[in-house]
Amino acid sequence: MRIMFLGTSAATSCPLVFCNCTVCKNGRTKKGKDIRKRSSLLINEDLLIDLGPDVPTSSSMYNIDLTKVKYILQTHGHSDHFDAGHLITRLQEYAPENVENISLLASKGTIKSLNRRLKAEEPDANLFDEDWQRRLSMDIRYMDNGDCIKLGRYFITAVESLHDISENSLIYVVNSNEKSILYGTDLLRLSDRAWDTLKRFELDVVILDHTYGEGFNAGGHLDSGQVIDIITKMKIEKIIHENSMIYATHISHEGNDIHEVMDKLVNKNGYHIAYDGLELNL
Ligand SMILES: [Zn+2]
Ligand SMILES: [Zn+2]
Ligand SMILES: [Zn+2]
C-alpha cells in the first residue's frame, strides 16, 4: 500500500492567515515542511480519506489524478475536511469528464452534515435521494463504530472518535494485503468501544491527531501528551508492534514548533511528524 499525506494542518491551515508567530512566519518565509494544507490522506490511487478544501491543490502539487478515486472515507463534515463545492463539480452541468462511480463511507450523522453543506451550494441537492446519488455518480454506505465492510481490495473498519458527537464522527482502519493503517484525525479521545474495535488489529501504521503541542489544548482534539498516552496503551494492548510507524497530523501552530524542531523532539517519544506530500510505502 502507498500512503500519501495530501495535507497535515489543523482547520486553520498553517501558516494562519493573520498570524506572525514563529511557526507561521517560518512557513511563510522558508516554506517547505512548514507549509501545511488542510488534512487529507490518499491510499494507493483510489482511496481518499476526507474530501477537504485543499484536495485539488494537493492533486496538482503531487501529480495525482483524482478521477481514479473510487472510494471516499469521510471522517466528519467540518469545513476543513469536506468542501461541498468539490462534490458539486461531479454534476453533468459542470461538464466533468471521466467521472466514475465513487462509494462514500461515513456515519449517518456525517452524511446529514455533508447534506446541509451541499444544500448551501445547491438547494435541491439531497444525498439521501437515489436520484441525486446517481446524478453525483455516488453510492453511500453508512458506518458506525466496529462496522467493517469490504471495498474492492480493502477492508474498512470504523472507529468512533468523539470529536463531534452530533455527527458521530469516525476514524478508520484500512486493511489491505495484510497491512493495516489507522487514520486517526480528528480525535478527541478513544472510548472503551473504540479501544474494543482497535484491539482486533495489529496496526502497521498509526496516524494520530496532534492539533496541539505541550501546554496547549483548546479542546476537541489531541495534544502531544495525549498522543504519547495512546501510543503507550497501544503497545500494552499489542495493537502496535516494534516496527509500527506512528505519525502525527492535523498540526496547528498552538504549542507546536517548526517541523524540524518538533520532529526531533517527538522522535524521542517514538513517533514522527507528518508533512504535506510525505509518502509511505508498505
Ligand atoms: Zn479538522
Ligand atoms: Zn501562528
Ligand atoms: Zn473537525
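A nonpolar core is a set of buried Ala, Val, Leu, Ile, Met, Phe, Trp, Tyr and Cys residues joined through side-chain atoms within 4.5 Å. The structure examined here is a predicted model.

**Exercise 1.** Identify the residues of the largest nonpolar core that touch the most other members.

*Solution.* The core in question comprises 53 residues. Within this core, I43, L47, L73, I156 and V174 touch the most other members. The contacts of I156, leaving aside residues up to four places away in sequence, include L47, L73, L105 and V174. A separate core of 27 residues also exists, with V173, V206, I231 and I240 among its members.

**Exercise 2.** Determine which geometry the donors of the zinc ion (ligand 2) adopt, and which parts of the chain C24 and H253 connect.

*Solution.* First, list the donors: C19 (SG), C21 (SG), C24 (SG) and H253 (ND1) coordinate the ion at 2.1 to 2.3 Å. Next, consider the angles, which span 106 to 113°; the arrangement is therefore tetrahedral. Finally, place the residues: C24 belongs to helix α1 and H253 to the loop between β12 and α8, so the pair ties together parts 229 residues apart in sequence. C24 is buried because its relative accessibility is 0%, and H253, at 17%, is buried as well.

**Exercise 3.** Classify the arrangement around the zinc ion (ligand 1) and state which residue bridges this ion to the zinc ion (ligand 3).

*Solution.* The donors are D80 (OD), H81 (NE2), D186 (OD) and H250 (NE2), at 2.1 to 2.2 Å. Their angles run from 91 to 162°, so the arrangement is irregular. The bridging residue is D186, and the two ions lie 3.5 Å apart. Both D80 and H250 are buried.

Definitions and conventions:
Residues are numbered from 1 along each chain as its sequence is written. Chains are lettered from A and ligands numbered from 1 in the order in which they are written. This is a predicted model: local features need pLDDT of at least 70, side-chain atom pairs count only at pLDDT 80 or more; totals for chains, interfaces and linings use all residues. Side-chain values use heavy atoms; hydrogens and water are left out. Donors are N, O and S atoms within 2.8 Å of the metal (3.2 Å for Na, K and Ca); water is not among the atoms, so sites may look incomplete. Four donors count as tetrahedral if all angles lie between 85 and 135 degrees; four count as square planar and six as octahedral if opposite donors are over 155 degrees apart and all others between 65 and 115; anything else is irregular. Helices (H or I, at least four residues) and strands (E, at least two) are DSSP runs, numbered from the N terminus. Buried means under 20% relative accessible area, exposed over 50%, partly exposed in between (1.4 Å probe, protein chains only). Contact means heavy atoms within 4.5 Å.
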